[in-house]
Amino acid sequence: MRVLVATTAGSGHFAPLAPFASALRDAGHDVVVAAPGSFAPAVERAGLAHRAFADAPPEELASVFGSLDGMSNLEANRVVVREVFGRIDTRAALPGMRALVSEWRPDLVLRESCELSSYLVADEAGIPHVHVAVGLASFGELTFPGLEEPLTELGDGRDLAGLLQAPVVSLLPPSFEDPDSAGGAGVRRFRDGNSAAAAAGPGAADRPDVGPLPDWWSGAGDPLLYVTFGSVAAGFGLFPDFYRAVIGALAGSGVRVLLTLGDAGDVEALGSLPPNVHVERWWPQDQVMPHASAMVGHGGIGTTLSGLGAGMPMVVVPLFADQPHNARRVAAVGAGIVLEGGPAALGGLGDAVRRVLTDDSYRDGAGRIAREMGSLPPVSAAVPWLEEQAGLGSGEDPNS
């Protein structure tokens, strides 16, 4: 069958889609990823075919993001979901998405939570569509009602009903969902068998298939702390001061630090580094996780799940978007410590790192989530079920 996979231009949005897309491709299906033209390198790195639609106009995005100062996290999220994902991104993508669907006629559309042009076009064309969750169901319950206005405006009267009724798949384990949310019911859940989480776990560094990290630092016997704030944070006005503050909080802390910057930020701009800190723009997480003792992150769902799946206790410093919600769930399941307040909270970072390294309860909490994730069926088990959604089989429900 032909499967159109649709994503916005964000690594955190594409990451949950990629395992399903790869599983479908490996099963012999024809898979194309529709994404903004600027996102082509990320799609190609995943080994998938890319078909471009237009990027959102930068000046329109800047106008929305510039209006968020002074808003609460929830209010800002509602504005971004409605105006950026619901209106600006969708309006830019619709012509290219309509042309692609008309030309290629996919049997199934697989879309991430915030790529909405594919929902509108699939609904217009009568093509089955499946939603791949990129975050907590509770976050969608708080923010997605605001999509009603732009979807009705851009979709010839189509509203939220078809969006909310679509079947959902997720890489989140059930216990990580907010227990007060009803949105997780009926979600089919899987694990990414090729992720960093799958490669990690107790004793993983001793396995013959897990190679050693380069010997970058002094103190080779000290615990390794993996620090990442995702692929875009450095470009959101946080570089270099926020990163310098993180480095200062961890200098001389008795841990070796690997800090990654992502898409933005020049390593040289950080100046002289303490001997226990090494900085890279990128480093493969599947190489780091088996060796790390703990993680510091921002609460992005992809990075958080990667760490939890590896049984990694963590300190979370949420910065924006859904990160505070994800961070609170990390604390709720006993897998780590949350430092709320963004850059202002970094004064407590050193102490929080010491606590997650010395208090076994945090590793136990992360280990419980890792075992739960490991018990889920692999994404390859979703393929027969996805074929059934397209009307091309009667696959058994993998979560039944």
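Modeller: Happy to, and keep in mind that this is a predicted model. Let me start with the charges: the chain has 26 positive and 47 negative ones, and their mean positions lie 2 Å apart.

Now the overall build. A compact globule of 400 residues would have a radius of gyration near 21 Å, and the chain agrees because its own value is 21 Å. Buried residues account for 54% of the 400. If you take the contacts between residues at least 6 apart in sequence, 66% of them join residues at least 24 apart.

The helix I'd zoom in on is H15, residues 349-358. Its buried residues are Leu349, Gly350, Ala352, Val353 and Val356. They sit on the same side of H15, because the arc they cover around the axis is only 165°. The background is simple: an α-helix has 3.6 residues a turn, so residues three or four places apart point the same way.

And what do those buried residues of H15 pack against? On the strand side, there are E8 (224-228), E11 (294-297), E12 (314-316) and E13 (336-338). The helices they pack against are H11 (241-250) and H16 (360-375).

Terms used. Residues numbered from 1 in each chain as written. Predicted model: local features only at pLDDT ≥ 70, side-chain atom pairs only at ≥ 80, totals over all residues. Heavy atoms only, no water. Rg over C-alpha atoms; globule rule 2.2 N^0.38 Å. Buried < 20%, exposed > 50% of the residue type's maximum accessible area, 1.4 Å probe, protein only. Contact = heavy atoms within 4.5 Å. Lys, Arg positive; Asp, Glu negative; His and termini not counted. Charge placed at Lys NZ, Arg CZ, Asp CG, Glu CD. Helix = DSSP H or I, 4+ residues; strand = E, 2+ residues; numbered from the N terminus. Arc of directions from axis to C-beta.
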